Amino acid sequence: STPSLLILPGDGIGPEVMAEVRRVIDWFGARRGLAFDVTEDLVGGAAWDVHGTPLTDATMEAAQGVDAVLLGAVGGPKYDDLDFSVKPERGLLRLRKEMDLFANLRPAQCFDALADFSSLKRDVVAGLDIMIVRELTSGVYFGEPRGIVTENNERVGINTQRYTESEIARVARSAFELARRRDNRVCSMEKANVMESGVLWRQVVTEVHAAEYPDVELSHMYADAGAMQLTRWPRQFDVIVTDNLFGDLLSDLAAMLTGSLGMLPSASLGAPMANGRPKALYEPVHGSAPDIAGQGKANPIACILSFAMALRYSFDQGAEADRLEGAVQAVLAQGLRTPDLMGPEGGTPVGTRGMGDAILA
Ligand code: NAI
Ligand code: MG
């Protein structure tokens with residue numbers, strides 16, 4: 001049956017960049033015979049404006065029923081004073097929670113034409129293509145007990161790092177599955193030298209590997225050493241799998257290996273559905289960019305590359321994902337630049353639509 005896609009453009013530049021993705025989707029339908037059953041709905045402030053909630057139950061239900069969700073961005077100054085329970089961000093958090101999206105994927109891919117945007121030297125990052133898989137729903141950000149208590153007449157701040165073996169096993173499986181679609185290598189990062197949860201993490205990843213993925217190459221690294229290696233020689237990695245806290249830091253670090261926020265896609269994956277593909281939500285890393293919203297100059301590439309990830313990981317269309325990423329690479333090589341990509345070496349200035357036109361061409 002026709003693969004289904006729920007599109008939630010959201011707020012600010014969300015609808016602007018998503019409009020370009022819609023054109024890309026239409027192109028695949030018309031030119032590659034790859035049709036999608038697309039529905040579009042409201043999320044975030046846009047949903048609050050109409051329904052008084054950042055995500056209706058109907059939209060939530062629709063998200064549970066499709067092959068993939070593609071989201072633009074939510075939030076903006078108009079909604080800053082809203083009650084916490086109806087803030088735009090709550091719409092996105094509800095999607096992530098109810099779809100149980102426990103694996104957050106952040107690729108760090110260096111497009112040659114932008115290698116000088118990296119915080120590292122060109123020869124260190126050129127050709128870089130790694131994927132960080134961060135556990136997203138457990139660990140020290142959620143563990144109990146937590147809080148600020150008074151002990152011996154002073155305040156104590158408490159958080160607890162806690163991982164069950166099933167939580168570790170499922171995110172490990174996500175990483176191994178991804179590796180099979182990439183360069184077949186996984187590096188697991190923890191601090192088994194000083195943390196009990198790290199010891200268990202290493203054990204469980206090793207067990208899942210031996211039992212289910214012996215064909216994938218597995219290595220282990222302490223997360224602090226991993227941070228060093230990511231800046232020293234990032235191309236040694238293919239897929240990195242790590243916990244929520246280390247993944248938060250390492251994925252932000254890896255993001256800056258490749259440059260602009262307007263270039264960074266992401267995916268959040270859950271358990272496999274009946275068709276064997278994981279539940280999935282794809283979104284650019286950036287937010288609603290109220291400072292440039294409505295001006296037609298947002299970079300649509302992060303959102304377009306998020307759709308490329310959907311092609312690859314939800315729709316089994318790796319070759320078509322390559323085609324789309326190749327088009328992005330080509331227009332960058334031609335020198336086309338939205339304002340956020342305009343560096344000292346200059347380039348041909350384009351807006352959101354112009355960038356979309358060039359990628360389609
Ligand atoms: P932001 O990512 O929206 O913007 C940060 C800076 O990067 C701004 O100067 C913006 O103009 C620029 N930028 C971001 N995306 C760009 C693009 N595609 N092309 C060109 N320039 C781009 O983060 P900020 O300003 O902290 O947050 C703005 C709003 O977005 C807030 O309401 C925040 O809560 C929300 N937000 C939503 C996220 C989401 O929907 N997942 C993630 C981050 C923030
Ligand atoms: Mg972060």
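Student: Which residues does Val-133 touch, not counting residues up to four places away in sequence?

Tutor: They are Ala-103, Leu-105, Val-171, Ser-174, Ala-175, Leu-178, Val-239, Ile-240 and Val-241. Contact here requires C-beta atoms, placed from the backbone, to lie within 7 Å. This is a predicted model, where local features need pLDDT of at least 70, side-chain atom pairs count only at pLDDT 80 or more, and totals for chains, interfaces and linings use all residues. Residues are numbered from 1 along each chain as its sequence is written, with chains lettered from A and ligands numbered from 1 in the order in which they are written.

Student: Why is Arg-106 called buried?

Tutor: A residue is buried if 20 or more other C-beta atoms lie within 10 Å of its own, exposed if 12 or fewer, and partly exposed in between. Arg-106 has 23 other C-beta atoms within 10 Å, so Arg-106 is buried.

Student: What makes Arg-134 buried?

Tutor: Arg-134 has 25 other C-beta atoms within 10 Å, and is therefore buried. Arg-134 lies in strand E5 (residues 129–135), and its contacts beyond four places in sequence include Arg-106 and Asn-104. Strands are DSSP runs of at least two residues, helices (H or I) of at least four, numbered from the N terminus.

Student: Where does UniProt place the feature "binding site"?

Tutor: The unreviewed UniProt entry places it at Arg-96, Arg-106, Arg-134 and Asp-224. Such annotations may be inferred rather than shown by experiment. These positions are spread over 129 residues of sequence and up to 28.1 Å between C-alpha atoms.

Key: Contact = placed C-beta atoms within 7 Å.
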